[in-house]
Amino acid sequence: MKGEEKDMYLDKRSFDILEELIRNPNVSSKDLEEIKHLSRRQIKYSIEKVNNWLADNNYPTITRLNNGNFIIDQTLVEILTDSSHIVTEHYIPSENERVLLILFMLLSQDDLSLFHFTNALKVSNVTVLNDMKLAKKKIQKYDLEILYSRVDGYQLKGEEWNQRNLLHDIAQEIREVYGGISLIQDYTMIQDEKISALSFQLEKIEEILKIKFTDEKMQLLPFCIGIILERIERGKIIEFDYQIQFKELSGTKEYEATEHLIKDHGDLPEAERLYITLQLLATNVFSSDLLTPYEVPQLRNVLYETL
């Protein structure tokens, strides 16, 4: 068991979907979108949360077929006999999860007051203030700090490079908690359409580069790149001296592929385009037909110099 708090509760939206699947096993993913008035991505994330809850409570999980239909074990019917103890309108995160979400909000949003945190996390002012102290300790190793002013609210202060490192690490940590991708979706202010567009462009990049990103990276990259692009629009530009010659990166297919991600964001500073190129170079892949024996040593040298 991962902890009583995680095992007992399932948010109401996810439980409603579970109930619909149990009562109507023939319902398809497309049907659920229409019945629940949810997007395909929202259905996908809710099914993930349902399966996490089922697995934690020793129930058989739900299988989604390629045609959009589901396989539902009949033993799940017993869940409907007494659902009051497993359903909550809002999943209450643990202390560690709240710290992660506070930092994620600070990285992805501006003008945050104490109310924004208490409203999002569904906890008291005192709890948020205590969590904020833990968040300050967590980011010390990044040379960052959390400052508050009545004009700007709570803000992260420190080098943009360090803040982006924190963003990638926090997104990874949140992904690994209970229903993590759903939490990332719920706590980012980026519209679903933008995330879907970035996901589509990343799939195009896979085709262009003849590679296959891992599922983990394909889940996180649209959110991380989306947040970075919005930070750039707010003037949070990365500043550092590149140890890589420009021609070594600008000559890569990854550099050319970034055009698909930034085409709707005007003229990005060259440093930002190079930064996004590095994200593609550093992303884990399942397979690749791109690198030749000649190119591998060059890529290795570029990554070593970057690190």
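## Overall composition

Of the 307 residues of the chain, 46% count as buried, in what is a predicted model. The chain is built from 15 helices and eight strands, and it exposes about 16,300 Å², of which carbon and sulfur atoms supply 47%. Among contacts with a separation of 6 or more, 68% are accounted for by residues 24 or more positions apart.

In soluble globular proteins, nonpolar side chains tend to be buried together. Here the largest nonpolar core has 59 residues, of which Leu106, Phe117, Ile146, Leu202 and Leu261 touch the most other members. Helix H11, spanning residues 215-233, gives the most to this core, with 10 residues. Apart from this core lies another one, of 20 residues, which includes Leu18, Ile62, Ile72 and Leu80.

Leaving aside residues up to four places away in sequence, Ile146 touches Leu103, Leu106, Met132, Ala135, Lys136, Ile139, Tyr154, Gln155 and Leu156.

Helix H6 (residues 114-121) has Phe117, Thr118 and Leu121 as its buried residues. These residues lie on the same side of H6, because they cover an arc of only 95° around the axis. The cover over the buried residues of H6 includes helix H5 (95-108), helix H7 (125-138), strand E6 (153-157) and helix H9 (180-187). One of the buried residues of H6, Phe117, is also among the members of the largest nonpolar core that touch the most other members. Just after H6, Lys122 takes a positive phi of about 60°.

Terms used
Residues numbered from 1 in each chain as written. Predicted model: local features only at pLDDT ≥ 70, side-chain atom pairs only at ≥ 80, totals over all residues. Heavy atoms only, no water. Buried < 20%, exposed > 50% of the residue type's maximum accessible area, 1.4 Å probe, protein only. Helix = DSSP H or I, 4+ residues; strand = E, 2+ residues; numbered from the N terminus. Arc of directions from axis to C-beta. Contact = heavy atoms within 4.5 Å. Areas by Shrake-Rupley, 256 points an atom, 1.4 Å probe, with all protein chains shown as cover. Core = buried A, V, L, I, M, F, W, Y, C linked by side-chain atoms within 4.5 Å.
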